[in-house]
Amino acid sequence: MTKIDSAVIADHHENQQYNIEPGYRWRHHIMCCTSGELVYVRNLKCGSTFFYENLRKIFKWDECAWTEIDWQHQRVFGHIMDPWQRRIKGMAECLNMYGFNQQFERDEQFRKLIVEIPVLDQHSASYHDYFGNLAWSIDWIPVQTNHNHTIALTEKLMEHYRINILDRWNRSLAHEGDADKKYTEQLLSAEIKKSKSMPEYIGNHFHADWELWRTVISKFKPNETTWPRISWLDQSKGMA
């Protein structure tokens, strides 16, 4: 049994022992920063290193805890992507970070085992493991096109809440995926396609994420000119 197997089994047993919602332990990984009405929440593998580092170091936003967010009076935002794409990126991050990528490359049985584990670590935890039902209260910006487009959409939101931009982004703070991780992502994608059918328990684990993702992209209007007309959250509340 690998370290990864042990961690997954331990997490499952602990959840059962204390009768608490699955994935509760990931909440302490959430990093947030705030300025005025806005709170940015890091959503791992969705460009969060670039945005969090820029907001903290360049825009001088203050750190805050997830538990300190005032959901009634602050606008919480972050970035989100296709749940399967993010799961693959997150699993590749974990395998490379803990040195399992070479075993994954050469060991077919290990590859089969890994793709049937729903979550390896915080990088592949589901959105609902991370944020719970409050995931539906976050003003998500979908990551679907190039990085510059995601920045431009983020600026639209910030400008609406009176944040001075002035092209202050430090592009060197982008967290570019290295060649090893990209190769692991390719292997993971190929292995998942090879298996043809996904285990039902994995589909069930990410079902709520898919519902959230489909809702966000159906209501998000990137070609509108003002944030209230762009925002999936404002569209859902009938504010546009």
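Tutor: A residue is called buried under 20% relative accessible area, exposed over 50%, and partly exposed in between (1.4 Å probe, protein chains only). The model is predicted: local features need pLDDT of at least 70, side-chain atom pairs count only at pLDDT 80 or more, and totals for chains, interfaces and linings use all residues. Residues are numbered from 1 along each chain as its sequence is written, and side-chain values use heavy atoms, with hydrogens and water left out.

Leaving out residues up to four places away in sequence, Leu-188 touches Ile-88, Met-91, Ala-92, Leu-95, Phe-104, Ile-114 and Val-115, where a contact means heavy atoms within 4.5 Å. Glu-105 is 83 residues from Leu-188 in sequence, while their C-alpha atoms are 9.4 Å apart.

Helix H5 (residues 108-115) and helix H8 (residues 179-195) have axes that come within 10 Å and cross at roughly 80 degrees. H5 is therefore roughly perpendicular to H8, a label for angles of 65 to 115 degrees. The axes are lines fitted to C-alpha atoms over the stretch in contact, with angles running from 0 to 180 degrees between N-to-C directions. On the H5 side the contact is made by Arg-111, Lys-112, Ile-114 and Val-115, and on the H8 side by Leu-188, Glu-191 and Ile-192.

Next, the cores. A nonpolar core is a set of buried Ala, Val, Leu, Ile, Met, Phe, Trp, Tyr and Cys residues joined through side-chain atoms within 4.5 Å. The largest one has 51 residues, of which Val-41, Leu-55, Trp-61, Phe-131, Met-158 and Trp-169 touch the most other members. Apart from it lies another core, of 14 residues, and Leu-188 is among them, as are Phe-110, Ile-117 and Leu-120.

As for confidence, pLDDT (the predictor's confidence in each residue, from 0 to 100) has a mean of 86 over the chain, and 86% of residues reach 70 or more. Over residues 1-20 pLDDT stays under 50, and the model has 24 contacts beyond four places in sequence for them. Where pLDDT is low, the predicted coordinates should not be read in detail.

Terms used
Helices (H or I, at least four residues) and strands (E, at least two) are DSSP runs, numbered from the N terminus. Angles under 35 degrees count as roughly parallel, over 145 as roughly antiparallel, 65 to 115 as roughly perpendicular and the rest as oblique.
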